[in-house]
Amino acid sequence: MTFNQNLLLRSAIAIQDQLHPLTLVKSRLELPTATWDRCQSLLAQLRRAIDLSWLHSAAVMRHDLEQMLQQLQGEISIFNGRLEPLTHESPRASVRDIYADLVALYDEFTEVKINRKERSISVTTEPIVLEGIYLGPFEILLNWRDLGPGSSGSYRVIALDAYPAATNDSVTHPHVQDEGLCEGEGRKPIRKALEQGRVLDFFLIVANLLRTYNSGSPYVSLSDWNGSSCADCGTTVNSDDIYSCEKCNTQTCNDCYVSCSRCDGIYCGECTSRCEGCGERSCQSCFDVCQGCLAELCRNCLDENERCPDCHEKQEAAIQSTEAEAEFETCPSIQSDSLGQTPVPA
């Protein structure tokens, strides 16, 4: 693959400058003068309050000064830490090493882009296929301002012919979400390559991670990549959110499956019915026919004689009526011919 030697050389020099500790700390070597000036001002106010015997104001000024001195100590500690790279340099790539890495990128990847204005390097992988699932090629984009000691390690992994997970459009690879790579065991070697400016090693490590699949830590597993379709609503969901009907084996999602209110079995909508008595959905096995009106009700809505509440009430009413009639028939009869007559003593 052809490349512009002048571009590569200038880029290698710029990258090497970025790696230099002096360059890294230059913009941060600022003493906390603003906090110091604030301490000076509070001290002057405290002295004035003491001179005027303003005891309350003096106490407030002293408290504020103590707080500001603590802040000053913290900022000085941070400043001191930024001086460490000046005396503890980590190994870093030379201009020659970086140039060689940039040249080698053209042999390792199908496409290489170097943008000096944006200070970025990107490579394009071959189309990635994992366990028979086509994920397409990926662009690995690195800004060389993220190189060197203390690197944040920010880079992007961009799907160029995206085939995202059916259940999450932001996951374009089992280990890539929102263009961020879950590095796993590759984290330490990636950070080391970035700190030392080993450009080729960085891109090779990331590309190899894209070519592999760790079933223990994916954003979406390959087995769930295409998702599962709910037979009731048609929604594609993760396999973990799919339930199989215990009667017909139909696949339903978490929102559509029905748990029988009587036996707690899992069923699809077609294999359950709503009880006319209590309104709860139950499977067909948990329904019985009322012996009175032949209505289909769940077993909880039938009495011990397999009758629904209405038929039960009618039966109770009939029993009570029969008992009342029987009681009336057993009462002593009243003689009609003596009605209205006054008994006369003999």
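1. Two strands are taken here to pair if DSSP finds at least two bridges between them, and the helices (H or I, at least four residues) and strands (E, at least two) are DSSP runs, numbered from the N terminus. In this predicted model, residues are numbered from 1 along each chain as its sequence is written, and side-chain values use heavy atoms, with hydrogens and water left out. As the model is predicted, local features need pLDDT of at least 70 and side-chain atom pairs count only at pLDDT 80 or more, whereas totals for chains, interfaces and linings use all residues.

2. An open sheet of three strands is ordered 7-8-9, and its pairing is antiparallel. Strand 7 (171-173) and strand 9 (180-181) form the edges, each having a single partner strand, so one side of each is left without a neighbour in the sheet. Strand 7 is joined to strand 8 (residues 176-177) by two bridges, the two strands running antiparallel, and histidine 173 has valine 176 of strand 8 as its bridge partner.

3. The axes of helix 6 (residues 95-108) and helix 8, which are lines fitted to C-alpha atoms, for helices over the stretch in contact, with angles from 0 to 180 degrees between N-to-C directions, come within 8 Å and cross at roughly 35°. Contact (heavy atoms within 4.5 Å) is made from helix 6 by Ile98, Asp101, Leu102, Ala104, Leu105 and Glu108, and from helix 8 by Val199, Leu200, Phe203 and Leu204. By class, this contact has eight nonpolar, no polar and two charged residues, where Ala, Val, Leu, Ile, Met, Phe, Trp, Tyr, Cys and Pro count as nonpolar, Asp, Glu, Lys and Arg as charged, and the others, Gly among them, as polar.

4. In helix 7 (residues 187-196), the buried residues are Ile190, Arg191, Ala193, Leu194 and Gln196, buried meaning under 20% relative accessible area, exposed over 50% and partly exposed in between (1.4 Å probe, protein chains only). Their cover includes helix 1 (5-19), strand 5 (138-143), strand 6 (155-159) and helix 8 (199-210). Glycine 197, with a positive phi near 75°, follows helix 7.

5. Most residues other than glycine have a negative phi, and two residues deserve a check on this point. Serine 53, in the loop between helix 3 (33-51) and helix 4 (55-82), is not a glycine and yet has a positive phi of about 60°; at 54% relative accessibility it counts as exposed. Glutamate 131, in the loop between strand 3 (128-130) and strand 4 (133-136), has a positive phi near 50° and is exposed, with a relative accessible area of 64%.
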